[in-house]
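Start with the terms, then follow them through the model.

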Amino acid sequence: MSKTKSIICLSVLAVVMLFLGVFSVIPSFQVGIYDYNSPLSQIELGLDLKGGVSATFEVDEESAEGLSAAALDEAIENTVNTMKSRLDALGISDATVARVSGSGMNGVKVEIPQSDNVDNILDVLSSKAELEIRLLSADGEIITDASNIISAVTVSDPNNAGYYAIQLQFNSDGRNDMADATSGLNYGTDSIYFLLDGEVISQATVSEQVDSEYSLISGNMSYETAQAIAVQINYGAYDVAFSKQFDQNTISPVIGDQALQFMLIAAAVFIVAAIVYMIVVYGMYGVASGLSLLAYTILMILALAYLPFVKLTMAGIAGIAMGLVLAVGSDILIMERIREEFRSGKSFRSSYESGFKKSLSLLIDIHAVALIVTVVLWVFVGSITQGFAVTMICGIVLSLFASLAVTRMFARLFMPVFGETPSLYKLEKQEVEQ
């Protein structure tokens, strides 16, 4: 590549990185009627950093009648697992759910991060979610229930713009039940009723025999309401019911805002120190590595802000720190390999190409092992390591990309601009002993 093209490319990259960097970290501001929220301000904080709400749901005595102690234990354990599935479906990945017992009370305690829809989440969790479809009235004959429903999906209401509905998919038994029950009705007059925990959530007038794999629950529902019902239907009813009232308390964050700010400052100091070290030790290659590390940092901020399954926790901060160390270590490995190639007598350009090429397989192996270990921790240890695992996986992917693509790109662009003088890149030939 010519010197002019390299200068143009470097200039464009510098402008792009400066733009993304500044607008990723600056405080939110307002321009006219437009509110700008920077990616850094949009990073969702977990329960330990932001605080949240705890709620204790007590098992309703009537639902536990006739159950042995062992059967009740199993029912509550199944209910805990169903509750976790509902939370995962709602995007609440770092909540904790555990059984509580003692003093004659059996129940489940849930801790969720603070959010704008805490009340809706708790309503979803407190409902047993027994779905029934009845004929002619709310007290009429049961046509079918949730056991014959394959899935429930939130969709736009085709008959009511601006509202949402739940599309049910029946298995063969459910479809046959609906077809048999709606055969021979007074079409245009008779109705079927959809009930959740005994309360009517929708009523539909039957205009013809319902012989379809799908059916629609509608009724001027918002997206949040429809999604909550769909989640409850998808993951089934609890094995036990809870009392209508539940204890709700506020959870304070483990660390305060000031401590979180100090952690951000420490991260910035580490990044600056790493960049300075790389420049001092590896010259222009260190500059390329420093720019790559800045790109890594910007991409990590964007990932934390916009990936739907990422939420920052104390464990997640540890994952980010490990990712930064991995990114710096990967560049050091590449630079040292380039030095070895140059000391062995190869030319400047040949050492550069060979250094990156020979580092490729080793870096892939290192990142693959790190990825496997992280996934194994996530799978077998569970929610305790989830915050760490998610950010660590992001760090592994971004580290490999930064080292093998970004660092190499900047190093290649520097050569036509600054020349290929070995001393600029801290390269020295091996001295030959006399």
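## Surface patch

Patches are made of residues with over 30% relative accessible area and no salt bridge; like charges are joined within 9 Å, and nonpolar side chains (Val, Leu, Ile, Met, Phe, Trp, Tyr) within 5 Å. A salt bridge is a side-chain nitrogen of Lys or Arg within 4 Å of a carboxyl oxygen of Asp or Glu. Accessible areas come from the Shrake-Rupley method with a 1.4 Å probe, and for residues only the protein chains shown count as cover.

The model is predicted: local features need pLDDT of at least 70, side-chain atom pairs count only at pLDDT 80 or more, and totals for chains, interfaces and linings use all residues. Residues are numbered from 1 along each chain as its sequence is written, and side-chain values use heavy atoms, with hydrogens and water left out.

V369, L371, I372, V373, V375, V376, L377, V379, F380 and V381 form a nonpolar surface patch. Together they have about 870 Å² of accessible area. V375 lies in helix α11 (residues 348–381); helices are DSSP runs of H or I with at least four residues, strands runs of E with at least two, numbered from the N terminus.

## Exposure and distance

Buried means under 20%, exposed over 50%, partly exposed in between (1.4 Å probe, protein chains only).

L40 sits in the loop between β2 (34–36) and α2 (47–50). L40 is partly exposed too, at 32%. L40 and A370 are 330 residues apart in sequence and 26 Å apart in space, C-alpha to C-alpha.
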